[in-house]
Amino acid sequence: MKRHILFGFLLLSMLLSGCSREGTLPVSMTKDGLLGTIITLSVYDAGEDSQNLLSGCFEKISDIDSRMTVRSPGGEINALNDSAGANPIKVSGDIYRLFSLALDVSKTSDGAFDVTVGPLVRLWGIGTADERVPERSEIEAARGLVSWQDVLQDESEGSVFLKREGMLADLGGIAKGYAGDAASDFLRENGVRRAVLDLGGNICLIGSRPDGTGWRVGVRNPVVGESGNIGTLRLEDTSVVTSGGYERYFEKDGKIYHHILDPKTGYPADSGLLSATIVCKTSALADALSTACFVLGVKKGAKLAESYGAEYVFVTDGREIIVSRGLSDVFTLRDESFTVRPPLQGGGEETS
Ligand code: AMP
Ligand code: MG
């Protein structure tokens, strides 16, 4: 336990139960603060190794957080940002690979997801003490620096270069997913076959429930001011990631300004979606795609998800839920004030 105290996080709780190798109750650990969120990890089949394995997961997540964060000084992403326009920075292998994935989704989403969204994120400051609605001129200036095309990777050097001064990389839309993958890999490598990892709503599922059925994952009501789950998904051995405007926002003059920004406008995305949930094996990919789809809206979002073989649940501001074909049998509606609508052939809801 000493090791946990050393982390110095706000909250640490452990629920110890079901210590048999194939127990039906998990051993769980919760921490608040890493990756800017609350993380709860639960393993079901590791017996007395559970605590050590969970500690090992949190060490991995803590390491990823400290290297990728832009919230505090130090870290590789800050070093990269400090050298924008000047010189490339050699980064860790995992950050290099994560950039490759982030740039791939930046490209395929036509910049709806943009790993260089940092200048806009900083300007709006949503979720910080400095949050405000910026002047249009400020937004235009920041938008001019958002440009995934100006990120260069050199594979032989293992370096990343932000070509223009003032550019800022921001992995906030993909880092939680990556941390989930890293923790899942660590558990699998150590023989765990049943676990649920919840990184602030980014869920990684290992195996199935002890009774052999799928885990039940809730899809939250994304309407600001409402709560509860509007539906549930029965899933196993996969990852489920949701992006929603309700997660971080402020209100000004009766208008909600949330944290997912549309690089094309410089304002919070306004695609008609209140949330985008993506289901696919790799959580980093699910994370990037959920952010991208939230910005793109139903039709383009569905096409993008399909192009990666990912499944989705989109919730619109018209209280409609669009469930991809691969999830239709495992989705259950829990709130009758929403209507489920299947996607039309070829992605999206309608032709235009
Ligand atoms: P998520 O909750 O995964 O959708 O990620 C939201 C976070 O990603 C924000 O807090 C920003 O740090 C970052 N972000 C915001 N807008 C974008 C965007 N269009 N593309 C990539 N990252 C974004
Ligand atoms: Mg994301």
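**Cysteines and the ligand 1 site**

Trainee: How many disulfides turn up in the whole structure?

Mentor: Zero, from a search of the whole structure; a disulfide here is a pair of cysteine sulfur atoms within 2.5 Å. This is a predicted model, where local features need pLDDT of at least 70, side-chain atom pairs count only at pLDDT 80 or more, and totals for chains, interfaces and linings use all residues. Residues are numbered from 1 along each chain as written, chains are lettered from A and ligands numbered from 1 in written order, and side-chain values use heavy atoms, without hydrogens or water.

Trainee: Switching topic: how many residues surround ligand 1?

Mentor: There are 17, and the closest are Ala-112, Ser-243, Leu-261, Asp-287 and Thr-291. Surrounding residues have a heavy atom within 4 Å.

Trainee: Which polar side-chain atom lies 2.7 Å from a ligand 1 oxygen?

Mentor: One belonging to Thr-291. A polar side-chain atom of His-259 is 3.5 Å from an oxygen of ligand 1, while a polar backbone atom of Ala-112 lies 2.9 Å from a ligand nitrogen.

Trainee: How much of ligand 1 does the protein bury?

Mentor: It covers 95% of the 500 Å² that ligand 1 exposes when taken alone (Shrake-Rupley, 1.4 Å probe).

Terms used:
A polar contact is a pair of N or O atoms within 3.5 Å; within protein, one must be able to donate a hydrogen and the other to accept it, and residues adjacent in sequence count only if both atoms are side-chain atoms.
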